[in-house]
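Keep the sequence and the structure open while reading.

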Amino acid sequence: MSRGIPFVLSGPSGCGKDTVITRVRQKMPELGFSVSCITRPKRGSDKEDGKYRFLSVGEFENMLAQDAFLEHNVFLGNYYGTPRRPVEEALAKGRDILIEIDVNGAAQLRETLPEAVGIFILPPSLAKLRKRLEERATDSPEQIAKRLHEARREIECAPLYDYVIVNDDLDTAVEDVCSVIRAAHLRSSHNKSTVNEVLKNA
Ligand code: 5GP
């Protein structure tokens, strides 16, 4: 059995990556998902059983001290981290896992998980991104300004990812992510044992 493949997905707040991820997971139910630990206060749209586990700063720092994170970052004053164990267990069982993190976290994973496939979700324009953030109505105007500033910095990192997918049309973006996941399984580096099997039987 071959190891699972980690897929690291980033994109600025408001680029629609949560919706893309939800749809990809519906289409590919076998795909694992890394639940991040975070210390930011809950927003209306967050659910306890969803993509985040909400911790106090003390709880997060305890886990940090135990080296329980594959990567972590402070984003707009709050901790965000990827717990190490669920990712390692999924990969060892041959299960792919989707890790949704910011560009700083992705840079750390390029060191610690070099086999990860990087996918960057790009908004069609900064103007559309601002409109989406305003329509979401979860942040104050100051927070929106901060998120837009952060978005520009994140987009500058897009060339460091293996794939860039523009989320203009949702269906197309979802299909593009699924195509990347399928194609990753066809890479020669992932199929060494298959090639050897064929040669052995020749
Ligand atoms: P939000 O507060 O809008 O849910 O997320 C803010 C940013 O944190 C997003 O760019 C999101 O991708 C990122 N993020 C979510 N989970 C993690 C994580 O575990 N590690 C890191 N480094 N970033 C994360």
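Exposed means over 50% relative accessible area, buried means under 20%, and partly exposed lies in between. The model is predicted.

Q: Are Lys131 and Glu135 buried or exposed?
A: The side chains of Lys131 and Glu135 meet in a salt bridge, at 3.3 Å from N to O. Lys131 and Glu135 are four residues apart in helix H5, so about one helical turn separates them. By the cut-off of over 50%, both Lys131 and Glu135 are exposed.

Q: How many residues apart in sequence are the parts that Lys128 and Asp168 tie together?
A: A salt bridge joins the side chains of Lys128 and Asp168, with 3.5 Å from N to O. Lys128 lies in helix H5, while Asp168 lies in the loop between strand S9 (163-166) and helix H7 (170-184). The pair therefore ties together parts whose separation in sequence is 40 residues.

Q: Which of Glu197 and Lys200 is classed as exposed?
A: The two side chains, Glu197 and Lys200, form a salt bridge at 3.2 Å, N to O. Both sit in helix H8 (residues 192-200), three residues apart, so about one helical turn separates Glu197 and Lys200. Glu197 has a relative accessible area of 38% and is partly exposed. At 61%, the exposed one is Lys200.

Q: Which residues do salt bridges that share partners join into one network?
A: By the 4 Å rule, the count comes to 16 salt bridges. Salt bridges with shared partners make one network of Lys17, Asp18, Lys51 and Glu100.

Q: Which residues are the closest to the centre of the largest pocket?
A: The largest pocket holds about 970 Å³ of space. Its lining has 40 residues. Those closest to the centre are Asp18, Arg43, Lys51, Tyr52 and Glu100.

Q: Which element gives the largest share of the lining of the largest pocket?
A: Elements that give two or more residues to this lining include strand S4 (52-54), strand S5 (69-75) and helix H1 (17-27). Strand S6 (78-83), helix H5 (126-136) and helix H6 (141-155) are also among them. With seven residues, the largest share comes from H1.

Q: How many residues in the lining of the largest pocket are charged?
A: The lining divides by class into nonpolar, polar and charged residues. Nine are nonpolar and 15 are polar. The charged residues number 16.

Q: Which element gives the most to the lining of the second largest pocket?
A: The second largest pocket holds about 210 Å³ of space. Its lining includes Arg40, Pro41, Asn78, Gln143 and Lys146. S6 and H6 are the elements that give two or more residues to this lining. With three residues, the one that gives the most is H6.

Q: How many charged residues does the lining of the second largest pocket have?
A: Four of the lining residues are nonpolar and three are polar. The charged residues number five.

Q: Is Asn78 buried or exposed?
A: Leaving out residues up to four places away in sequence, Asn78 touches Thr39, Arg40, Pro41 and Asn73. The relative accessible area of Asn78 is 17%. The cut-off is under 20%, so Asn78 is buried.

Key: Residues numbered from 1 in each chain as written. Predicted model: local features only at pLDDT ≥ 70, side-chain atom pairs only at ≥ 80, totals over all residues. Heavy atoms only, no water. 1 Å grid on protein atoms, 1.4 Å probe; cavity = no way out; pocket = protein on both sides within 12 Å on 5 of 7 lines; lining within 4 Å. Points joined across faces, edges and corners; volume = space filled by probe spheres on them. Nonpolar A, V, L, I, M, F, W, Y, C, P; charged D, E, K, R; others polar. Buried < 20%, exposed > 50% of the residue type's maximum accessible area, 1.4 Å probe, protein only. Contact = heavy atoms within 4.5 Å.
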